[in-house]
Amino acid sequence: MDLGIAGRTALVCSSTGGLGRAIAEQLAAEGARTVVCGRREAQAKEIAAGLPSAVGVGVDLLAEDGPTKLFEATVEAFSAPDILVINGPGPAPGPAAGVDVAAVDAAFDALVRQHIRLLAYVLPVMRARHWGRVVAVGSSGVAAPLPNLALSNLGRAALAGYLKTLAAEVAADGVTVNMVLPGRIETDRTAAVDAANAKRTGRTLAEVREASAATIPMRRYGRPAEFAAAAAFLCGASASYVTGTLLRCDGGLVQSL
Ligand SMILES: NC(=O)c1ccc[n+]([C@@H]2O[C@H](COP(=O)([O-])OP(=O)(O)OC[C@H]3O[C@@H](n4cnc5c(N)ncnc54)[C@H](OP(=O)(O)O)[C@@H]3O)[C@@H](O)[C@H]2O)c1
């Protein structure tokens, strides 16, 4: 597919693994100058070296100066981003009742605050250029909150509300803002959530995975490249009239309209 983004600068947060990596690979294959990043600098550099035009940067997005460092590294390597993929680590699983308030603050920081700080750098440039794509990696939990993932449900719903408000404010400047909702895509994160469920319920990992796949109409977990294709479409030139949406990529997992 030609997404019309050759030469555009793409900053893909948390792209040393999982969904972020798959998105970075697809955007780079489309000719975008791509920043691959995560805490593991060597891994970021190794992935970038295998892509057509990319740099790898080691940044902890959750550190106070993480968003600043990420923006500055992108400008130094290429330019301010035309495409920003918002992505980061998910909070630890756990129930809503009795949740630790300090953990709520940490989850809000990770899922909302740091992304808003990064957007504060990126948006003015996109608006001045009259072209920009912001795509956030959310969760199927935004559409149908997931049991035992209280902090994730909380933070992602907050981000979704913020981005919907933002989308309307920047639409006339040629900047689109969308969110993609993954449901059970095969990554380290999915493996960790399944392991936690197995421990909590006393089942084996295989039993948990089988039961989980059975709830998905496709009867299987998704592949990162399948998710990345949906995200990459929203980053493309041809998605210019799509904004303020939540796009599910979940094999039919969420049952509601
Ligand atoms: N996979 C799914 O089906 C699914 C479903 C719902 C929601 N999600 C959410 O989607 C997001 C991505 O999930 P994933 O499945 O791709 O997870 P993953 O495979 O665990 O990858 C997480 C990525 O985040 C990076 N990361 C972790 N802590 C970081 C930090 N402090 N600063 C910067 N980067 C950091 C990791 O790299 P480093 O170790 O190098 O930092 C890695 O590249 C998560 O928020 C997850 O909860 C995923």
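Trainee: At roughly what angle do the axes of α4 and helix α5 (residues 150-170) cross, and within what distance do they come?

Mentor: Happy to. A word on the basis comes before the angle: this is a predicted model, in which local features need pLDDT of at least 70 and side-chain atom pairs count only at pLDDT 80 or more, while totals for chains, interfaces and linings use all residues. Residues are numbered from 1 along each chain as its sequence is written, and side-chain values use heavy atoms, with hydrogens and water left out.

Now your pair. The axes of α4 and α5 cross at roughly 20° and come within 9 Å; axes here are lines fitted to C-alpha atoms, for helices over the stretch in contact, and angles run from 0 to 180 degrees between N-to-C directions. α4 is therefore roughly parallel to α5, a label for angles under 35 degrees, with over 145 counting as roughly antiparallel, 65 to 115 as roughly perpendicular and the rest as oblique. Helices are DSSP runs of H or I with at least four residues, strands are runs of E with at least two, and both are numbered from the N terminus.

On the α4 side, the residues in contact (heavy atoms within 4.5 Å) include Ala-103, Phe-108, Leu-111, Ile-116 and Arg-127. Among their partners in α5 are Leu-151, Arg-156, Tyr-162, Leu-166 and Glu-169. By class, this contact has 17 nonpolar, 3 polar and 3 charged residues, where Ala, Val, Leu, Ile, Met, Phe, Trp, Tyr, Cys and Pro count as nonpolar, Asp, Glu, Lys and Arg as charged, and the others, Gly among them, as polar.

α4 also packs with helix α3 (residues 66-77), at an angle of about 35° and with the axes 9 Å apart. This crossing is right-handed too. Pro-67, Thr-68, Leu-70 and Phe-71 of α3 make the contact with Gln-114, Arg-117, Leu-118, Tyr-121 and Val-122 of α4. Its residues divide into 6 nonpolar, 2 polar and 1 charged.

Phi of His-130 is near 60°, a positive value in a residue other than glycine. Arg-184, also not a glycine, has a positive phi of about 60°, and its place is in the loop between β6 (175-182) and α6.

Arg-184 brings us to the ligand: one of its polar backbone atoms is 3.3 Å from a ligand oxygen atom, a polar contact being a pair of N or O atoms within 3.5 Å; within protein, one must be able to donate a hydrogen and the other to accept it, and residues adjacent in sequence count only if both atoms are side-chain atoms. A backbone N or O atom of Leu-19 lies 2.7 Å from an oxygen atom of the ligand, and for Gly-90 that distance is 3.3 Å. In total, 27 residues surround the ligand, each with a heavy atom within 4 Å of it. The closest are Thr-16, Gly-88, Arg-156, Ile-185 and Thr-187.

Conventions
Left-handed = near helix turned anticlockwise from the far one by under 90°.
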